[in-house]
Amino acid sequence: MITVEIGIESPKPFQISEEMKKKAEELRIRARQRREEEEKNWEREREKSRIRTSKELLEAKRINEENERKRLLAHREAEKEEQKRAREKLLKKLMEDKSERRRKLGLQPENPATAKTSLSVVWEKNSSVTNLETKMEPLRECLRSLRKSHKDDDARVKRAFQTLLIYIRNVAKHPDEEKFRKIRLSNPVFQARVGSLTGGVEFLELCGFERTEEDEFLFLPREKVNMAVLNSAGSVLGSAMTNPFFGLFSI
């Protein structure tokens, strides 16, 4: 038997060159940058979605508040028209009754214009209390709507009622001072406390405040300051603040 020696060389260790290391580092950097860019894109899309949703909610809220304002204004107009018709109907009946009494007494018929004027004065005196009570109900409805729309945030509702009362009291105490009869609608404090809440602006409009051109201000002209209405508004607000169940169970 012949012994044959075969020499096997050990493999040389694999050498990683500097260029390969540099290449690998570049690949890691690119992968990290791509990942960061994807995260940024995702974050941007999420922010866009959030802004879009926020705008849609704000627009829906604006439309809802505008519809509510129109409803209240339409209610006021219908109420005024109904009062006008009732007044004319009653005046006509009173004039007929008066004319009949004069005829039975053998008196000369009264001048229709004079009779209508005198009866109008009596009507205004007798109906002032009724009209005032009629005006208070839309005020109550505004506050009920505000309370029901934010029933889970008592502190915010209370602050809104307090702020409205301050506006009303300031005008009642200083009717000649314009600064108390003018409210900037874009004022952040006003928006946070009253303007952004359902029924807040409508309540002030029922008190006589009017929107100026381009909706920049709520303004109450001096000649339209009605102390009876302001006192009624203050009374309604006082009741709303002291009654813990105000507006929660009304339909």
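Predicted model: local features only at pLDDT ≥ 70, side-chain atom pairs only at ≥ 80, totals over all residues.

Modeller: S145 sits in helix 2, residues 112-149. Numbering starts from 1 along each chain as its sequence is written. Helices (H or I, at least four residues) and strands (E, at least two) are DSSP runs, numbered from the N terminus.

S145 is buried, because its relative accessible area is 14%; buried means under 20%, exposed over 50% and partly exposed in between, with a 1.4 Å probe and protein chains only. Leaving aside residues up to four places away in sequence, S145 touches E68 and T198. Contact means heavy atoms within 4.5 Å.

Next, the helices. Helix 3 (residues 154-173) packs with helix 4 (residues 188-195) at about 115 degrees, axes 9 Å apart. Axes are lines fitted to C-alpha atoms, for helices over the stretch in contact; angles run from 0 to 180 degrees between N-to-C directions. From helix 3, R156, R159, A160, T163, L164 and Y167 meet F190, A192, R193 and V194 of helix 4.

An open sheet has 3 strands in the order 1-3-2, paired antiparallel. Strand 1 (182-184) and strand 2 (210-211) are the edges, each pairing on one side only. Pairing takes at least two DSSP bridges between two strands. Strand 1 and strand 3 (residues 217-219) are joined by 3 bridges. R184 has F217 in strand 3 as its bridge partner.

Key: Heavy atoms only, no water.
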